[in-house]
Amino acid sequence: MKGQRLFSAEGLALARLFRLAVSLSVLALLVWFLLGVLEREAQKAEEQSANLILNQLRASLVIKGAEVMLSRDGRLEEHQGLNPFELVNHQWPSYTGECEQPKYEPGTWCFRQEEQKVTENIARGWLIYTANQPITLNGRGAQAGESLAWSVTTEYADRNKNGQREQSERSTGLKLSPVSSAEKSVLMQDARH
């Protein structure tokens with residue numbers, strides 16, 4: 001009788017230990033799943049935030065292009081490479097102003113100014129966004145810490161549909177154009193010097 005009590009006490013202790021192990025395993029599995037969901041949601045939030053800023057900058061460029069076209073003495077070509085953040089009154093905390101170092105802070109926007117001639121007084125350059133985590137913006141992917149760049153260019157009426165601007169095709173507005181990989185490597189080399 002005494003042996004049965006001891007056996008049942010050990011059995012209860014083992015059953016409790018087994019339930020604790022199963023509970024911890026289920027809890028660990030739920031935490032792992034939750035962390036994956038949080039990572040995906042953080043990625044979506046960063047993509048939506050960056051796309052919101054890009055869309056607002058594009059809208060401000062449409063307005064600026066219309067203003068230039070309505071003014072009699074303005075030319076759209078004079079506004080290529082300008083900093084689109086200067087056109088918007090809202091200041092985002094993720095915009096750090098002019099890029100000052102070759103390594104950009106993740107999750108921030110900055111404007112990389114190109115070398116200017118002494119006669120020019122307009123800041124021209126590239127808008128740069130450095131991803132905080134792997135994201136995709138307008139079909140362009142970036143890993144964590146990788147930068148994506150855009151430049152303000154003129155839009156034009158491509159009458160012959162060849163994708164290249166010719167002398168006879170007039171400018172129709174301003175737009176944000178992605179900077180190609182070749183231009184981006186030149187940009188990054190300039191930043192290092």
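Is E77 buried, exposed or partly exposed, and at what relative accessibility? E77 counts as partly exposed at 24% relative accessibility, where buried means under 20% relative accessible area, exposed over 50%, and partly exposed in between (1.4 Å probe, protein chains only). This is a predicted model, in which local features need pLDDT of at least 70 and side-chain atom pairs count only at pLDDT 80 or more, while totals for chains, interfaces and linings use all residues. Residues are numbered from 1 along each chain as its sequence is written, and side-chain values use heavy atoms, with hydrogens and water left out.

**Salt bridges**

- A search of the whole structure finds 2 salt bridges, each defined as a side-chain nitrogen of Lys or Arg within 4 Å of a carboxyl oxygen of Asp or Glu.
- E77 is joined to R75 by a salt bridge with an N to O distance of 3.6 Å, and R75 is partly exposed at 46% relative accessibility.
- K44 and E41 form a salt bridge in which the closest N and O atoms are 3.5 Å apart; the two residues lie 3 residues apart in helix α1 (residues 2-70), so about one helical turn separates them.
- K44 is partly exposed, with a relative accessible area of 46%, and E41 is partly exposed, with 43%.

**Strands and sheet**

- An open sheet of mixed pairing is formed by 5 strands in the order β1-β2-β3-β6-β7, where strands (E, at least two residues) and helices (H or I, at least four) are DSSP runs numbered from the N terminus, and two strands pair if DSSP finds at least two bridges between them.
- The edge strands, β1 (95-98) and β7 (171-178), each pair on one side only.
- Strand β6 (residues 147-156) runs antiparallel to β7 and is joined to β7 by 7 bridges.
- W150 stands opposite P178 in β7.
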